[in-house]
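Here are my notes on how the two chains meet. Please read them with the structure open.

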Amino acid sequence: MDEIFIAEAGATARRWSGIDIPNETARQMAADLLKLIADFEALRGGLGFEDEPADFEAALRDCKEPG
Amino acid sequence: MSAALSAADDLATLSLAEAADALARGEVTSLALTEACLARIRRHDKALNSVIWLDEAAALEAAGAADRRRARGEALGPLHGIPMAHKDMYYQAGKPCSCGSAIRRDFRPAYTATVISRLEAAGALTMGGLNMAEFAQNPTGHNRHFGDCQNPWAQGRITGGSSSGSGVAVAAGFSFMALGSDTGGSIRLPASACGVTGLKPTQTRISRHGVMPLSFSCDNVGPLTRTARDCARVMAVLAGHDPKDPTSAREPVPDYEAALDGDLRGLRVGVPQEWFLEEVDADVLRAFEMSLGVLRGRGATVVPVRLAMMREVLTYGAIVSRTEAASIHANWMRDRPGDFAAHISGRLFPGYAVPATYYLEALSRRGPVLRGFARAAFGAVDLLATPAIPCALPSLAETDIDGGDPAALQRFAAVSRNTRPFNYLGLPAISIPCGFDDRGAPVGLQLAGRPFAEARVMQAADAFQRDTDWHSLRPKLA
């Protein structure tokens, strides 16, 4: 596991939320964030300037069965 | 009463629709149905551990009152006199609501969930609260505080979670229907693992007022039942806008049961060429392929379909619910982290290290990703078919993260591999029993449709159940 990254994640959680790493499972799960970061990097540039969360409800309606 | 309805055990294992129809014809009473369910719970739940609390006196009183109303000829709802128990996260004023946790073990809400009020207005009565993963946060059903539920079909295997008790109670004949909730598969997974039918509706289709939150964006309320027809009957009661939940959709609610005509001619069913079949065990694949044959036999055309946006679905979907759950649980994670099971606090923790910009990107891309996915998938087919759980059902020990086995985490994630994508996409999806794996545990077929296409999803599921009997089989209980 990337101990430096886990320590950074722990510091972020501590500083912003006042929450400490609770156990070994949390350390393993925090290490998995590295893959998530890589996955996000691969998608960079996809977010449109006008995209916003409320569009999802409109998309649900738009994608209904025709008729 | 017909000979077929003479034994209490038979009564408890009727489908909901059969029980409701027998009540309407005067062939059985609500009291008899309720006593039959309670007797089975008393006899078998010590081994299965699906019930957290039970109010037998209130259930029997409500059943008697239901019978008296029927005898007086009053106007009755479609679920009049049907006894039920639900995942223990639906608020009922003054009743226990543990959320499967130590932290809320003594919680008694002051108000009642809209879905409970709707069920009761339709005549259903509530017997108690069912076991579940702690705060609905695992796909296996492990629960450190109330004990793990046991699979009624296969000793020692997971029940699926998080609505573990709901799957077990419906399979074991304890309840004619049980509400579950589904944020990453928590209705469809126990439905698959316990051999029952479970529907995750379209995001926003059913009110979440008075329901324990896990993820504002991805939580869904839905039924676990014995048949697709049962699902349709219950959905007619549950679906529709609720002023107390402004996020609930104003889309009209169709006559779901009228859509169950058994005719799949012209229906195009797509088998995804990405993700969903990439890690399927051979015995599960065998059951899945046989299921496709059944759909073909009813007139459906089954074709391969290419999916779009799957990388986006998986990446963005991985972040929304975990970040929202972390936010919801922040106070308890600060003040009493030791009161969570280790795998629950462990899963919550990374959410505090994810930047808000990532979270908002994931939420903001949801509409465009859904449009792209739907254009590719539903431009070519009407429904998608996949195995609900792609692997042969693992054991409780094999997926016990708190037990220290490093491989447990991967097995744990594999269970919900095929259900999670439809939560980010917000699409309706059902799991119906379609066979057994090589170790004797049920296998589920997942069918997913366009937004608000619950009627079509249930129509296909019902047609499948007309030609198969997997949903009619009952586990032999000790």
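Predicted model: local features only at pLDDT ≥ 70, side-chain atom pairs only at ≥ 80, totals over all residues.

1. UniProt lists residues 33–457 of chain B as "domain: Amidase", in an unreviewed entry.

2. Now the interface. Chain A brings 42 residues to the contact, and chain B brings 47. About 3800 Å² is buried between chain A and chain B. Carbon and sulfur atoms give 69% of that area. Three residues stand out on the chain A side: A:Phe40, A:Leu43 and A:Phe56. Together they supply 19% of the area that chain A buries against chain B, more than any other three residues.

3. Charges and polar groups also meet across the interface. There are 5 salt bridges between chain A and chain B. One of them pairs B:Arg365 with A:Asp51, with the closest N and O atoms 2.8 Å apart. Polar contacts between chain A and chain B number 11 residue pairs, both residues at pLDDT 80 or more.

4. Which elements of chain A give two or more residues to the side that touches chain B? They are α1 (3–17), α2 (24–31), α3 (33–42) and α4 (55–62). α4(A) gives the most, with 8 residues.

5. By class, the side of chain A that touches chain B has 22 nonpolar residues, 11 charged and 9 polar.

Notes: Residues numbered from 1 in each chain as written. Chains lettered and ligands numbered in written order. Heavy atoms only, no water. UniProt positions renumbered as here; feature names shortened; annotations may be inferred. Contact = heavy atoms within 4.5 Å. Buried area = accessible area lost by both parts, 1.4 Å probe. Salt bridge = Lys/Arg side-chain N within 4 Å of Asp/Glu carboxyl O. Polar contact = N/O pair within 3.5 Å; in protein donor to acceptor, adjacent residues only side chain to side chain. Helix = DSSP H or I, 4+ residues; strand = E, 2+ residues; numbered from the N terminus. Nonpolar A, V, L, I, M, F, W, Y, C, P; charged D, E, K, R; others polar.
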